Each structure stands twice: as C-alpha cells, then as structure tokens.
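The model is a predicted one.

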Amino acid sequence: MKLFVLDRDYYTLKKFDTVLSSLDGKSSFLFFTNTTDFIQAVKNDTPDAIIVDADSNLGIETVKKILNFEIFPKIIISSSSDKFAVDAVNLRLFEYMLKPVSEKDIKDLYSKLKHPLLSKIR
C-alpha cells in the first residue's frame, strides 16, 4: 500500500511516521509539508490513499485538484475542527479524523485501509 500524508505540523507527521512504520515494513509512506510537492507526487506516483490536513486553507482545494487528475485514492481528511466535514463528505471521503490524532486512531485507520470490508462489518 502507498499512503501519502500532507500536514504542515511536524509533530503530526512524526506521529504518523512512527506509528505507520511500526505496523508495516512492506508499505510505502511519504510525508509532505508542502502542498505543491504533495500534488506533484500524487500525480506522478498514484497512492492508494492520501491523508490531507484540512486546517490549512488549501486542504480541501488540494483534494479537489487531485480528483481533477482522474485518479481516485482513498481520501482521509484530518482536522482539529469539524467545520470541513460537509465539504469533505462531498469529496468521496473515506475517513474524517479529528485532531489530535492518537496512536489508536492511526492504527484503526490503517486497519480500515488494509481491510476495508472488515471495517464495514464492525
């Protein structure tokens, strides 16, 4: 699985990196703080899923740009507020994560990404 994460907060990225790296040595995880680099990476190397921080003013717009490429990774929005939830749902959202994101949140998300059918049964 390829998962790309865009967040301007170093500590959030570090938490994702630490937890995800401990779960799976076979998957590829890339972390970005720069929107332009993130969009280019998604365009060039289509990931299975993306996590985008909606707290920055470009979060939802970034997802819209990616969907215009006609590639369809699973989209996860992370935010410290639920104010982006309505916009996010209109973007074929896979998951909406409220910050601060815990280790359990990341592990649960990873499990849903790896086994989407099992997450619907629970």
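## Sheet and helix packing

In this predicted model, five strands make up an open sheet whose order is E2-E1-E3-E4-E5, with parallel pairing. Its edge strands are E2 (28–32) and E5, each of which pairs on one side only. From one strand to the next, the twist averages 15°. Strands of a sheet pair through backbone hydrogen bonds, in either a parallel or an antiparallel manner.

| Strand pair | Bridges | Direction |
|---|---|---|
| E1 (residues 2–6) and E3 | four bridges | parallel |
| E3 (residues 49–53) and E4 | five bridges | parallel |
| E4 and E5 (residues 93–98) | five bridges | parallel |

Individual residues can be followed across these pairs. Valine 5 stands opposite isoleucine 51 in E3. Isoleucine 51 in turn has isoleucine 76 of E4 as its bridge partner. Further along, isoleucine 77 stands opposite tyrosine 96 in E5.

Within H1 (residues 10–23) lies threonine 12. This threonine counts as buried because its relative accessibility is 13%, which falls under the 20% limit. Apart from neighbours within four places in sequence, threonine 12 is in contact with Asp7 and Lys99.

Two packed helices are described by the angle between their axes and the distance between the axes. The axes of H1 and H5 (residues 103–114) come within 10 Å and cross at roughly 50°. The two helices are therefore oblique to each other. Their crossing is right-handed. On the H1 side, the contact is made by Lys15, Phe16, Val19, Leu20 and Leu23, and on the H5 side by Glu103, Ile106, Lys107 and Tyr110. Sorted by class, this contact has six nonpolar and three charged residues, and no polar ones.

Technical notes:
Residues numbered from 1 in each chain as written. Predicted model: local features only at pLDDT ≥ 70, side-chain atom pairs only at ≥ 80, totals over all residues. Heavy atoms only, no water. Pairing = 2+ DSSP bridges. Buried < 20%, exposed > 50% of the residue type's maximum accessible area, 1.4 Å probe, protein only. Contact = heavy atoms within 4.5 Å. Axes fitted to C-alpha atoms, helices over the stretch in contact; angles between N-to-C directions. Parallel < 35°, antiparallel > 145°, perpendicular 65-115°, else oblique. Left-handed = near helix turned anticlockwise from the far one by under 90°. Nonpolar A, V, L, I, M, F, W, Y, C, P; charged D, E, K, R; others polar.
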